[in-house]
Structures are given as structure tokens and as C-alpha cells.
Amino acid sequence: MNGASAACGDGETGAVVAAICRKSDSAWRAVSALLEYARPQARGGGIKDSEASLHEQAAAVSAALEQRLMGQGASTSSTATRYMPAEVAGAIAATPASEILLSDGGFAHATAAALDQLYWPSFTRDWLAERGTSFELGAGELYPVGDMRLMGNVGHSARPHRLDLPAGELAHVRRRAEDGTRVRVIGEYAPIIDRLAASPPLEAAVVLPNESLSELSLPPSQMGPIDSQAQRSTIHLLLDEARSEGVDVVVLPELSVDREIVEWLSEQWANAADLPILFAGSAHLVEDGQRVNRTFVLLPGVGAAWHHDKFTVFEDRNGVREPIDPAEPCITIGCGHLVRVATLVCKDALSVSHAGLVADLGVHLLAVPAMSSTLAEFSTAANQLISRSQGATVVANNPRTWHGSPVGHALLGQPVRQTDGRCIERPSLATPDLGIARLGSGWR
């Protein structure tokens, strides 16, 4: 690649990279193919461990391509950016070879970085179109992440950025690690989930139905509300209040429901399209001979859309164990084109590795039904989500008092600049109670 008048497209490297982009029908497919092409170099260090001059060359190539493509209709802000294969390939071919000192893999990676900056708002849409509406994300697979900008015009903390970005990844493209946890992606309900992006500042309500542990059945028996009808009436009252407040999301606490209450709630949500998204607490159920602690995600106009089974079993200091069978760790992501939501039950969220995985999957809203005598430990998960995906965490706790002493009703983790405003507990008031949080300003 010599000669000031030559173009990159005249050389073998430019030809390969241009051909990859020309054959790709979406920016996501192009970026994925470019990263896979560059991967052998990335495994050996590649751009990540190159000399500073090569880092500068890669940045210069990316910047030059961005400028050329911006002139051809790409946008850093549009969520409907149009990828035009021939025009992108032409922009690559127009890059002067005299400016390029990168290897084949290095040039492919630099090109992918430019496409990542310009076209990332379309990545998830095209990724879901390619993979389908429900699938498992396997180890080693590439996947996109985005920024929902939860706060609207209110001050954010720093934009999501992984320090020491692994070779072969980009700002909006990550590679699934081998960590022993299944990851399910549900893209079927993208239009409903994406409504959250149209509601800045997003508001979440947390339901507190019970005053004390005496209202709940405890281990070693089946756990849940002792008086199902009274619990249903209380939840109904609080959900009506939440609906009247126009909240976007409601979270019920762990073990605040049973099968009958869940079925009743699911029917209500299936028959109405103007309800908030509901993370319906959790209930002890027996499914296929297995005892599970299961939470359901209820979507307006759908009802129960998917569920999560608790996989971290609680055991108290006396060795009394939660009466469920250990579940295989599995995290489900409800994936819109713009917004991602997930739920973990209580101790699931206290695992640093699982909280980190949720954050690295680009989740924007994590709901945690809990039953705990303290909420302090949940701040760790909330801070991981804030720093790694600019996501928010809403923890719903129950009951109000433990052994006569009140505990925190709920915890909100929110991506704001002020450190002391990122994780805020809501004190328990007289039950039944409803806490409402406005992201960016805390509890109101």
C-alpha cells in the first residue's frame, strides 16, 4: 500500500474490507463480519496491544471514514439510520492508501469502529431480525448494546464505557463470555418494551403490601401470603393507585403473590393495553415436579410474557433453607430495539458475577423482587448497572417490619452525576404503601 495517489480499495486489504461491507445488508452484519475477520489478529493482541502509532492510525482511519459516511446520510443520533452497502464500500475505497499503515485485521477493526459510531442505533433492530424473536445467546457470540439515555435532559453520569475494552469488541458491540449462565433473549415484544423510551423521565412504582412476617408463610413450608384473598385486594388497591399516577413500570416484592394472584393479574394485563409493565413479584410453584421461586413479567395487552426462576437459594443462619429446587442459572432479557429490561429475584442480584453479566448485556432497567432485612447489598448490583450500561435498578422489598423493626421499602439505582444520588432507599411507611420513583430525581 504505497503511493500517495493510491486508494485503499486498490489494495488487497481495502478490497477485502470493502467486499465485506458491500455484501452485508445491514450495518450490524457488516460490523460483525469485520470483527470476525479481524479476530485472529485480535487474539494475538492486535489493535489493543499495538504501539501507540498504530492506535493513532486506527483512530485516524475511523475518523476519516466517519466523515465520508456522514456526508452520505449516516447519523450519530437517528434511530433509523440507513446502511447503504455500495456507498459504504465506496467510502472505504476512497481512503488513501498512503494514510494506512495497519494490517489487514487492523484496518477491518478500524472500519468496524467507524460503522459502530455511526450506525449503532440500528444494531439491535437488525440483530433481532437476523436471530429471531426468541433465542439463546451462546458463548463467543457477538451482540449489540445501546444507550437508552434514561435521564432525558437531567444530568447523566458518564456514558457507558468498558475500561480496557477487550480486543475484538467495540463501544456498542460485545462478545458473550463463557460463564456458565444461560442467556435468553426475547425480542417478540419490542414495540411494547420500547414505549419506555418515549417516557422520560421514566417513573417506577414499588408495591409494599405486607406489614410483618406474620402475614406470610415461612420455611420450611410453602412460602407466600397466608391470606390470598386479602393479599389480592391489597395489591389491587395499590395497582389502581399506581395506574392513576401514570407510572411506566410497577415492581411487586418477592413472595407477595401466589399462583391464583398471578393468574388474575395476567388476565387483567392481557385485556388492557394502557397498563404499565408489571414485574409481578414472585411465587413458589411446582412445575414439572420441580419447586421453583418464579417471577413473571406482565406486559399490557399480552399478560405473562416470560418468567424468571430464582437460582440462588436462600438459607438462614440456622441452616433453614428456602424450599425450592436449585435452578440452572438463566437470565432472560426482554429486548426492544431501544430498551432492554430484565428481572432477578433477591439473592440472584447479590451475585457480583450475575449482576455484572446483566450490566454487560446492556440492560437498561433491572427489576428485583426482594424479601430482605436489609437493602444495602443491592447497591452493588445497582452501581454495576449504572457504570456499565447506564441502567436503572428498582428493588421492591417486603414486609415492612422484620422482628418488629422497619426496613427499607425499596431501593432505586439511577444513572446520575451526583454520587450520593445514585442509590437511594425509600423508608417504609404504614402499609399498604406505594413508593413512586422518578428516574433522575429519586423517590417522590
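Student: What volume does the largest pocket have?

Tutor: Rolling a probe the size of a water molecule over the atoms shows where empty space is left. Here the largest pocket has a volume of about 670 Å³. A pocket is an open set of points on a 1 Å grid over the protein atoms alone, where a 1.4 Å probe fits, with protein on both sides within 12 Å along at least five of seven lines. This is a predicted model: local features need pLDDT of at least 70, side-chain atom pairs pLDDT 80 or more, while totals for chains, interfaces and linings use all residues. Residues are numbered from 1 along each chain, and side-chain values use heavy atoms, without hydrogens or water.

Student: Which residues lie nearest the centre of the largest pocket?

Tutor: Phe314, Asp316, Met371, Ser373 and Trp402, out of 25 lining residues (an atom within 4 Å of a point).

Student: How many aromatic pairs does a search of the whole structure find?

Tutor: Rings of Phe, Tyr and Trp (its six-membered ring) pair if their centres lie within 6.5 Å. The search finds 4. One of them joins Tyr83 and Tyr119, edge-to-face (planes over 60 degrees apart), at 5.6 Å centre to centre and 80° between the planes. Tyr83 lies in the loop between helices H3 and H4 and Tyr119 in helix H5, so the pair ties together parts 36 residues apart in sequence.

Student: Is Asp325 buried or exposed?

Tutor: Buried means under 20% relative accessible area, exposed over 50% (1.4 Å probe, protein chains only). Asp325 is buried, at 18%. Its side chain reaches the backbone nitrogen of Arg291 at 2.8 Å.

Definitions and conventions: Points joined across faces, edges and corners; volume = space filled by probe spheres on them. Phe/Tyr/Trp six-rings, centres within 6.5 Å; stacked < 30°, edge-to-face > 60°. Helix = DSSP H or I, 4+ residues; strand = E, 2+ residues; numbered from the N terminus. Polar contact = N/O pair within 3.5 Å; in protein donor to acceptor, adjacent residues only side chain to side chain.
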